[in-house]
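Here are my notes for going through the model. Please read them with the structure open.

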Amino acid sequence: FIPRRNASLPALLDLPSQTDWMRFAKSIAPTLEKQGWRIEKAQEYRYDIAEIEEWYARVADDGAETGKDWFSLELGIVINKQRISLLPILVTLIRNAPDAFDPKKLDEKPDGEALLTTLPDGMRVALPWGRIKPILRALGELYFPDRDGQTIRLHTLDSPRLAELSKNLPLHWLNGERLLEMGKRLAEFDGVQKVSPPQTLQASLRDYQMEGLSWMQFLREYGLAGILADDMGLGKTLQTLSHILLEKEAGRLTRPALVVAPTSLMSNWRQEAERFAPELKVLVLQGKERARQFERINQYDLVLTTYALLPRDEPELREYEYHLLILDESQYIKNVRSKAAQIAASLRARHRMCLTGTPLENHLGELWSQFHFLLPGLLGNEKTFNSEFRHPIEKLADENRKALLAKRIRPFLLRRTKDKVADELPPKTEMVRNVELTSAQRDIYETVRLAMDKKIRDEIARKGVAKSQMVILEALLKLRQVCCDPRLLRGGANRKAVLSAKLSALMEMLEELLLENRRILVFSQFTSMLALIESELKLRQIAYTVLTGDTIDRAAAINAFQEGQAPIFLISLKAGGVGLNLTAADTVIHYDPWWNPAVENQATDRAWRIGQDKPVFVYRLIARGTLEEKIQDLQQRKADLADAILASGEAQGVQITPEDLQAIFEPLESVGDEEADAVAAET
């Protein structure tokens, strides 16, 4: 029998599809032979297919040999009682026909159709897409260009992928029962057993806070660690205090819980512990007197210290082992080479936890650093992570790598946003106010732009973009200063006569908003800009309070605003981005934009948080046509990256590229002096 077109029998021996040929080879041809037909096969006949007797998974625990939590996974088929690993076969197929295995198109492959391939010994097999697709989805590493070998090496915390394979594939498991069971439990972490709140907790937990408490208890029960990444204002501190209190009531808090937080949050932690968990004995390691308190650490349930004090107090802190080690605002260790990150990693603790509303601010390396503290090895070493995830996701927008990374960290990162869980929050309205620079301000901007453009081009020509960061940052700083107020530039005192269009716009906005009895937060990254705004408010005899890194009595500044003594609160972004509850405010103004949208959102969340009962209006002042508009574009790309990994969305590059620099240093659009001054005068 010759399965091809024949001139004398034009269609008699033709079948319309591969599936029909496989059905013919498996069912019809044997029947014909039994009836006495003689079947002759041409050399190119492809459908002599070996029967697959079984699909199997074999797990080998590498921990005994390496001392680390790793295991090897082999997936394969059994033919003629011989096991054949499928992984190298699939890797070869992907390399030879990447379009056919595009993850975006896998769902288009009918489960009933099969992938024909030749095994190393020459046998032909038909691998149903219904069984191949779950393997490709669970083991995205097969797409890595340097994949090789009969097995794939995975971290123990990747065990949820074993559960995924077990659920979607009929596999005979050889070993791996412990890992498979662990994987099933981790894979079901969304449905963790709900715990009861601590009996002595002086607060009522909302439903999502109970879920957070149950999730932390789940991680503790299985000896795991994770990041509670709820939005600012959703009560991460309260959830964590509930977790510590529950550990004490259960008799497990036989050693203290150590919380490391920014200095500005020490009073917040102490006050909330006193208010909500008075049964906890709290020790604050702060000030000169702390030297006498180190020997008493084991007498307390909760010990509070700061990132700034870690290097000074390292020897004393390392003398103890802690039941819980909790890093609040854990983006402080986003640089794994920082002293704080290294010391935090060296402290001994039974369980570790990170708290942050911004686990990913600028790039994926920050996420890796936090997981390196929590679960070393989960994301590989830094070099491997950069090559396998960071570069493909940030530079190439690799959807498969993005999905694989999100899947890997999913059980260990809990993130809820206010718009999803805090239904009682009033609406938040965000608006951009474009400001046209005055003609004199535009001239200064153009002068600075031309000078810095040349300086940067010369520097990049000599060193390349990567090694020219200091010059680039200097240029961006100067341009941003011009947009805010030319007096911010070095030697700016000589520019007193130059009107700042943005400052004029702000003052007009404030006067209008005050007529509406608004309570207003004004954020800027430049304390010198806040000083200029102060001067304008004093001239107009408008009451205000201010908070910067130089503010000695933070509580007094906060109370003055919260209690209505001043309707305007000037805050530096660095000093007031975290740790403040300013629900008396109903208006937030960002005077100057920052590259990272998460930082701006944190600042906004000082007002838009639990306890707010008024609609919140957020204004961003943007100098039209300047680099501030480019910052807005870059902000969106950073937000997209965070969404891609932490929630959903498309991954985009976030690095400042030569193309970004070219756009940033484009000349301002031509606007007549009279028109520019008229627009500025109107604002």
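1. β16 and strand β19 (residues 587-590) pair in parallel, and four bridges join them. Within this pairing, valine 522 faces isoleucine 589 of β19. Bear in mind that this is a predicted model.

2. Now the other neighbour of this strand. Strand β16 (residues 520-524) is joined to strand β18 (residues 568-572) by five bridges, and these two also run parallel. Leucine 521 has phenylalanine 569 of β18 opposite. Valine 522 has leucine 570 as its bridge partner in β18.

3. Is β16 buried or exposed? Five of its five residues are buried, so the strand is largely enclosed by the rest of the structure. Both of its faces are covered. Ile520, Val522 and Ser524 are buried on one side, Leu521 and Phe523 on the other.

4. Step back to the whole sheet. Six strands make an open sheet with parallel pairing, and their order is β15-β20-β19-β16-β18-β17. At the edges are β15 and β17 (544-547), each of which pairs on one side only. On average, neighbouring strands of the sheet are turned by 20 degrees against each other, direction ignored.

5. Helix α19 (residues 527-539) lies across β16, β17 and β18. Its direction makes an angle of about 160 degrees with β18.

6. Arginine 620 pairs with glutamate 430, with 2.8 Å between the closest N and O atoms. Arginine 620 sits in strand β20 (residues 616-623) and glutamate 430 in strand β15; the pair links distant parts of the chain, 190 residues apart. The burial of the two partners is as follows. Arginine 620 has a relative accessible area of 9% and is buried, whereas glutamate 430 has 44% and is partly exposed. The pair belongs to a network: salt bridges with shared partners join Lys428, Glu430, Glu600 and Arg620.

7. Threonine 438 has a relative accessible area of 5%, so it counts as buried. A polar atom of the threonine 438 side chain lies 3.4 Å from the backbone oxygen of leucine 499.

8. Next, the salt bridges elsewhere. The count for the model is 27. One of them joins the side chains of arginine 416 and aspartate 230, at 2.7 Å from N to O. Why does this pair tie together separate parts of the chain? Arginine 416 is in the loop between β14 (413-414) and α15 (418-421), while aspartate 230 is in the loop between β8 (226-228) and α8 (236-249), so the linked parts are 186 residues apart in sequence. Both arginine 416 and aspartate 230 are buried.

9. Another salt bridge deserves a look. Arginine 252 meets glutamate 247, and their closest N and O atoms are 2.9 Å apart. Arginine 252 is partly exposed, at 29% relative accessibility. Glutamate 247 is buried, at 0% relative accessible area.

10. Then the aromatic pairs, of which there are four. In one, the rings of tyrosine 307 and tyrosine 332 have centres 4.8 Å apart and planes at 10 degrees, so this pair is stacked. Tyrosine 307 is in the loop between β11 (302-306) and α10 (310-317), and tyrosine 332 in the loop between β12 (321-328) and α11 (339-346), so parts 25 residues apart in sequence are tied together. Tyrosine 307 is buried, with 6% relative accessible area. Tyrosine 332 is partly exposed, with 41%.

11. Is the pair of phenylalanine 385 and phenylalanine 389 stacked or tilted? The ring centres are 5.8 Å apart and the planes are at 35 degrees, so the pair is tilted. A stacked pair would need planes under 30 degrees apart. Phenylalanine 385 and phenylalanine 389 are four residues apart in helix α13 (residues 382-394), so about one helical turn separates them. Phenylalanine 385 is buried at 1% relative accessibility, and phenylalanine 389 is buried at 2% relative accessible area.

Notes: Residues numbered from 1 in each chain as written. Predicted model: local features only at pLDDT ≥ 70, side-chain atom pairs only at ≥ 80, totals over all residues. Heavy atoms only, no water. Buried < 20%, exposed > 50% of the residue type's maximum accessible area, 1.4 Å probe, protein only. Polar contact = N/O pair within 3.5 Å; in protein donor to acceptor, adjacent residues only side chain to side chain. Pairing = 2+ DSSP bridges. Axes fitted to C-alpha atoms, helices over the stretch in contact; angles between N-to-C directions. Contact = heavy atoms within 4.5 Å. Salt bridge = Lys/Arg side-chain N within 4 Å of Asp/Glu carboxyl O. Phe/Tyr/Trp six-rings, centres within 6.5 Å; stacked < 30°, edge-to-face > 60°.
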